Amino acid sequence: MDQAATILLDTLPAWRLRAVERIQLSSAFWAERDREVYVHPIREFMQENSDETRVALSRLRQPREAGKPESIELLLPIKELPKIPLLDLSITVDDTGVYRVAKDESARIQALHVIKLAERAKLMTKDGEPPHLRDFLTFLFYFPPHSYEAAYKRYEICSKPVRDYAYLQSKIPRLPFSTYTEWRDSAEQIWRLTEAYAIPDYSSGAENPLIALPYMFQQLQNRQPAVVLDWEEVTTLLRYLSAALTAADDSAPESPAHKFIAAYFAYGYRWMAFARCRVPFDRPFVISTQEKRAIYFQPERDLHRERFSLSDLRQAKTWKQMWSKEVWHMVAFADAETNHVSLRVSDTAVRLHKPEAVSQTNEELPLEVDEEERTFELYLRQDSAQGRQDRFYIKCKIRLTRLHSSMLYLTMIVTGMGIILLLNRGLASVNNKNEPYPGGSVSQISNGLTAKEATVILVPVAFAAAFLLVRDTSTLASWIRRIRQSILLAELLTLLTIAFLMLGFHHFKNN
């Protein structure tokens, strides 16, 4: 079944007719995603492919049951997902709910796939592969990053080599420094290649293999029987991987080696969800997924804490990012014959501002696509061209609609003018202590405001400001307007404070 899974993973566009993904920004920190993949009949896919594919899939055909169509049991690639928080993941295959397999099993299939890509590019050979290569890649593609994140925060002021050595020493106390130096040399060669293929990710085992080694040692020792690697075996694995990646980086962009190195780095920060399921053999079917995914305000993950960060994963590193509210959504866009993706907002008070598609390294994509539409409420992209980007980011700024934004700015200006009027005319000296209080049209303060005039200023301004502050909005709209809302709240409190101080000052002077 693993062999069939790697074949399907390697030939996604061959058995997928169309993939349609809909992204909806529904709250400040979560986006709802729905995806449908329309699949060719498996029999048709088998007939159009190699003998190896036909043999591997034929073994998985199920005996025909009376009155039921013929079926096949597969470990089916469902969807490529990022290594970020996900909520409410639901998978349906041919109108039947299924469960994804464990992440470590997915990583094991991904490792086999990457090895086959390297063998196809003649960068690895079965005879020359060091022992435990598949296990090594499996743990690079999946390891729980929590312990490393804790070390990252503890040693964040240190350089990367010092931080990595401190982490390894805490997990592998007997590690000789000379051995660590050999490991670091190979790991740094791999790390330097990352920038050309992916946006850096601090917790990617593919980018920095050293951080996955403690988990690998632990899991291998827990097996029955236990597997114990010595230092030299790990050194050999790192050098072998580094040499293969370096050779792939030196190859032509359209060569099989490029596909190998791109897949390797992609699995460092993304993973393919698989589901073990029985699907029709002679007719097409649909794979549907629904999920909620964290929204990012920058392309890369970073654990550095900033003053205004709301979480480690969604922090803004600069004032420009705080003000611009630029969101990033990565989509897979070459895993079917034709890919469609759309992004929209559900809140009528929020609009999209100049959405655009950029590559994984934050570069502009070619403009030649089958269809692309940009409006203030929708971004749509469709393409079926061969050789298109495997995945890209949709980068867009989110804004309040012009009406809501204008009302907010107008209320801020009017409230500010009310403060200026009270300060300019309301703090004049008291001229007549016997003037009635609170008074109607008689001025309570020489050359100042009457009570009616103060009321004309205070009541409408305070009402408008309070209405905008308490009006029911989505968390997304509240996030966008949070800075202006804070300014308006400060202005309203200042206005009311000045009014009460004036009232107390006048009452004191007249008594």
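Which elements do the buried residues of α4 pack against? They pack against α1 (2-10), α3 (42-47) and β3 (71-82).

## About the model

This is a predicted model, in which local features need pLDDT of at least 70, side-chain atom pairs count only at pLDDT 80 or more, and totals for chains, interfaces and linings use all residues. Residues are numbered from 1 along each chain as its sequence is written, and side-chain values use heavy atoms, with hydrogens and water left out.

## The chain as a whole

The protein chain holds 17 helices and 13 strands; these are DSSP runs (helices H or I, at least four residues; strands E, at least two), numbered from the N terminus. Of its 511 residues, 50% count as buried, meaning under 20% relative accessible area with a 1.4 Å probe, protein chains only.

Contacts here are heavy atoms within 4.5 Å. Among those between residues at least 6 apart in sequence, 76% join residues at least 24 apart.

Helix α4 spans residues 51-58, and T53, A56 and L57 are buried in it. Seen down the axis of α4, these buried residues fall within an arc of 90° (taken from the directions from the helix axis to the C-beta atoms), so they line one face of the helix.

With α1, the angle is about 130° and the axes are 9 Å apart; axes are lines fitted to C-alpha atoms, for helices over the stretch in contact, and angles run from 0 to 180 degrees between N-to-C directions. The two helices are therefore oblique to each other, since angles under 35 degrees count as roughly parallel, over 145 as roughly antiparallel, 65 to 115 as roughly perpendicular and the rest as oblique. On the α1 side, Q3, A4 and I7 meet E52, T53, A56 and L57 of α4.

## Helices α9 and α11

Now for another pair: α9 (residues 177-193) packs with α11 at an angle of about 20°, their axes 9 Å apart. That makes α9 roughly parallel to α11. Residues making the contact include W183 and I190 of α9, along with W231, L238 and L245 of α11.

## Nonpolar cores

A nonpolar core is a set of buried Ala, Val, Leu, Ile, Met, Phe, Trp, Tyr and Cys residues joined through side-chain atoms within 4.5 Å. The largest has 90 residues, and L76, V93, L137, F141, F260 and Y264 have the most contacts inside it. Helix α11 (residues 231-249) gives the most to this core, with 8 residues. A second, separate core of 32 residues includes Y379, I394, I398 and A462.
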